[in-house]
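My notes follow in the order of looking.

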Amino acid sequence: MNNLSINNLTYQYTGTSKPTFKRVSLDFESNQMSLIYSPSGSGKSTLLKTIAGFYPQYNDGTINGVINFNNKNISEFSEWQLRQTISMMFQDPMQQFCMTTVEDEFIFTLENLQIQPDKMNQIIEDALSFTHTNDLRKRDFKTLSGGEKQKVALSIIVAINAPVVLLDEPFANVDIKSRLELISLLSQLKESGKIVIGIDHDLMGYENQIDQLIGFDEADTTFKPLDDVAVFKLFNQFNDSTNRPLTSEVVGEPIINCSDLSIANYDMNLINHLDLDLIRAKTTLITGPNGCGKSSLFKTFIKQHDFDGEINFNHKSIRKIRLNKYLQNVGMIFQESTKQFIKITVEDELELSKKNAFNNWFNDKQITEFTHRLGLDELSDRVIYSLSDGQKKRLQILSMVMMGHSLLLLDEPFNGINIEYIAVVVDLLNQAKQNGQTQLLISHQTHGLENLIDYHLAFDNHKLSYQEAF
Amino acid sequence: MNPVLKLLMMLVIALEISFTTSVRLNLVIFIVSLIYLIFFASFKRIIYLLFVTLIPAIGIYFAQKINGNYQYGILLVTRLYAFVTLGGTYTCKTSIEDLAGSLEQNFRVPSKFAYGVMGAFNLIETIKQEIIDIKLAAKMRNVHLSYVSPTLYFKSILAAMNWSTLLAQGMNSHLFVEGSSRTHFKKITIKTTDYLILIVVLIAIQIILIF
């Protein structure tokens with residue numbers, strides 16, 4: 001029986017006036033899965049990295065308080081001992097892999113663990129079979145989909161076999177099926193005697209699986225376990241809507257028309273001989289399992305991926321439109337926010353969009369209003385790179401929508417955004433749509449999007465077809 | 001052959017041909033390397049190496065010919081080809097992983113250095129993609145970055161710094177700790193034949209040079 005206890009933990013980033021969180025006291029035990037659920041920017045990632053011992057090692061900050069594992073202060077552990085006791089799965093698995101293939105990454109990890117070479121093969125096979133991914137063993141990470149990477153990352157955590165497992169938004173890029181599968185794997189992990197602690201901004205699938213739900217108390221800037229009533233309320237909020245009807249009869253003029261379109265990624269066929277119209281001034285949701293080709297389809301639409309067949313944008317083949325000119329009409333909100341930014345401060349970034357907009361759909365008053373509603377006004381002189389993931393995402397969405405592209409592609413724009421801000425983003429997107437913007441949306445998260453989505457396209461068998469619900 | 005000894009051999013040969021003026025030696029190295037490449041490298045790669053080198057080779061030759069010194073031109077051209085094919089023989093059979101492994105296991109180079117080099121090497125692709133993405137993101141915002149734009153450099157340096165911290169953290173999360181001992185799945189050894197090859201090749205080169 002192991003236990004991990006946190007006593008009066010306070011963490012403050014250098015250069016900020018207030019601590020991110022203060023006097024956090026929490027207890028975790030073997031055979032227990034805990035979930036930290038709080039708004040983006042409240043510091044749950046920081047809390048997790050502090051527990052794992054990455055902070056303050058990898059960023060300047062000051063830490064106060066004690067973390068005990070089985071009543072021993074972990075600050076007295078050697079680094080190797082600490083990493084062996086507390087393992088962590090990162091939000092972006094690519095940031096955790098330093099070798100090029102799955103097998104090499106396993107070997108690297110097992111060598112660091114000082115495992116004898118003759119035992120490695122068995123450990124790798126066992127760890128991969130835990131997530132049913134043995135066939136990925138020889139694969140290059142570059143050829144894996146987001147969900148496959150996450151499963152491999154989890155397998156490596158299994159191979160490390162540490163008593164404490166921390167997970168930083170482990171399912172951000174995973175579809176519903178894999179999500180439920182991975183959550184049940186975490187339950188198995190917990191039952192094998194581990195302490196499992198995860199953070200997430202989405203409660204889907206966790207009901208009846210977690211033993212402790214921890215929330216953020218704004219007034220005290222601290223993390224606290226929630227009582228049963230609060231937990232019940234939160235889950236109800238998430239479960240209220242399941243199937244929302246839509247029409248599969250699409251009407252209107254197409255902005256994009258694909259004929260006989262085929263897309264492949266490396267040697268894997270993603271889309272085969274597809275004929276499809278995407279309707280102007282509508283929001284179309286695109287869903288499908290991991291690795292089915294949603295992101296590759298978007299890359300194709302911004303001319304960054306090879307394809308066979310034909311794609312017409314406003315009746316003109318996109319092969320014949322110059323990239324510079326094309327990107328004045330077609331914009332994309334990247335999954336990774338930092339890639340989108342050009343300037344250094346929040347204010348400059350928004351100013352740039354205002355000045356360079358291709359279509360001025362928003363007047364100054366509306367921009368100020370949305371800046372305020374997205375909670376960005378108080379951040380205006382902050383350096384973008386110091387913002388939390390959720391804050392970055394909100395800034396990214398606003399600055400891209402302000403540009404006024406006639407077609408906007410949104411790749412998982414709601415990752416890291418909590419439920420209150422989703423409504424604001426929906427308003428913003430609807431306003432752009434009224435001005436004639438067409439929106440294509442990839443999102444696993446569909447809560448709160450009833451007023452936005454007009455059509456739903458689902459991947460099935462290398463094709464996309466319109467659905468009657470989402 | 002052991003990757004580090006092989007690298008050492010290549011470096012010595014490269015140094016020697018840089019400071020000597022034997023067309024014969026250059027030709028011998030070129031032919032031997034080419035035969036090696038024909039056996040071990042893909043046809044496409046050989047053509048690529050020979051063809052790309054042709055451009056500077058022609059340039060150098062004619063530049064020297066205009067100066068009236070065509071013999072010197074021939075020397076430089078053969079030297080260039082010797083360098084390129086010699087380098088090709090190294091990269092076609094030796095992986096960066098093996099080099100890092102050998103440095104760590106046989107030559108007691110600290111593992112953080114060996115893996116640091118390898119990590120940085122694996123990052124090159126990532127950084128290239130980052131630069132493409134930065135330019136793409138800028139175009140969508142009506143900003144056109146050329147290769148002289150400070151923004152491009154600022155963003156790519158930022159990306160590289162960010163990735164290097166993340167890489168260190170990632171390695172750390174998979175139990176890589178500075179100064180801590182590790183086991184080795186793939187044992188890299190130095191065989192007696194490796195030393196023999198090294199000595200024989202170097203002696204052979206001296207003989208070609210002298211006679």
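I count a contact where heavy atoms lie within 4.5 Å. The model is predicted, and I read every entry below with that in mind.

**Helix pair in chain B**

I began with helix α1 (residues 3-19) and helix α4 (residues 70-93) of chain B, which pack at an angle of about 175°. Their axes are 11 Å apart. Angles over 145 degrees count as roughly antiparallel, and α1(B) and α4(B) are therefore roughly antiparallel to each other.

I then listed who touches whom. From α1(B) the contact takes in B:Pro3, B:Lys6, B:Leu7, B:Met10, B:Ile13, B:Ala14, B:Ile17 and B:Ser18. On the α4(B) side I found B:Arg79, B:Ala82, B:Phe83, B:Leu86, B:Thr89, B:Tyr90 and B:Lys93. Sorted by class, the residues of this contact are ten nonpolar, two polar and three charged.

**Interface of chains A and B**

Next I asked how many residues of each chain are in contact across the interface. I found 41 in chain B and 57 in chain A. The two chains bury about 4500 Å² between them, and 61% of that is on carbon and sulfur atoms. I also looked up which three residues of chain B supply more of its buried area than any other three. They are B:Met140, B:Arg141 and B:His174, with 20% of the area that chain B buries against chain A.

For polar pairing, I noted 25 residue pairs in polar contact across the interface of chain B and chain A. On the chain B side, α6 (111-140) and α7 (150-173) each supply at least two residues that touch chain A. The largest share, 14 residues, comes from α7(B). By class, the side of chain B that touches chain A has 19 nonpolar, 14 polar and eight charged residues.

**Salt bridges**

I searched the whole structure and got 22 salt bridges over all chains. Three salt bridges cross the interface of chain B and chain A. I checked the one between the side chains of B:Arg182 and A:Glu111, where N to O is 3.0 Å.

A:Arg137 sits in the loop between α4 (117-130) and α5 (146-160) of chain A, while A:Glu125 belongs to helix α4 of chain A, and the two are twelve residues apart.

**Backbone entries**

Most residues other than glycine have a negative phi, and most peptide bonds are trans, so I listed the exceptions I came across. The peptide bond from A:Tyr55 to A:Pro56 is cis, with omega near 5°. I placed A:Pro56 in the loop between α1 (44-51) and β4 (61-69) of chain A. A:Arg23, in strand β2 (residues 21-29) of chain A, has a positive phi, near 45°.

Terms used. Residues are numbered from 1 along each chain as its sequence is written. Chains are lettered from A and ligands numbered from 1 in the order in which they are written. This is a predicted model: local features need pLDDT of at least 70, side-chain atom pairs count only at pLDDT 80 or more; totals for chains, interfaces and linings use all residues. Side-chain values use heavy atoms; hydrogens and water are left out. Axes are lines fitted to C-alpha atoms, for helices over the stretch in contact, and angles run from 0 to 180 degrees between N-to-C directions. Helices (H or I, at least four residues) and strands (E, at least two) are DSSP runs, numbered from the N terminus. Angles under 35 degrees count as roughly parallel, over 145 as roughly antiparallel, 65 to 115 as roughly perpendicular and the rest as oblique. Ala, Val, Leu, Ile, Met, Phe, Trp, Tyr, Cys and Pro count as nonpolar, Asp, Glu, Lys and Arg as charged, and the others, Gly among them, as polar. Buried area is the accessible area (1.4 Å probe) that two parts lose on being put together, summed over both. A salt bridge is a side-chain nitrogen of Lys or Arg within 4 Å of a carboxyl oxygen of Asp or Glu. A polar contact is a pair of N or O atoms within 3.5 Å; within protein, one must be able to donate a hydrogen and the other to accept it, and residues adjacent in sequence count only if both atoms are side-chain atoms.
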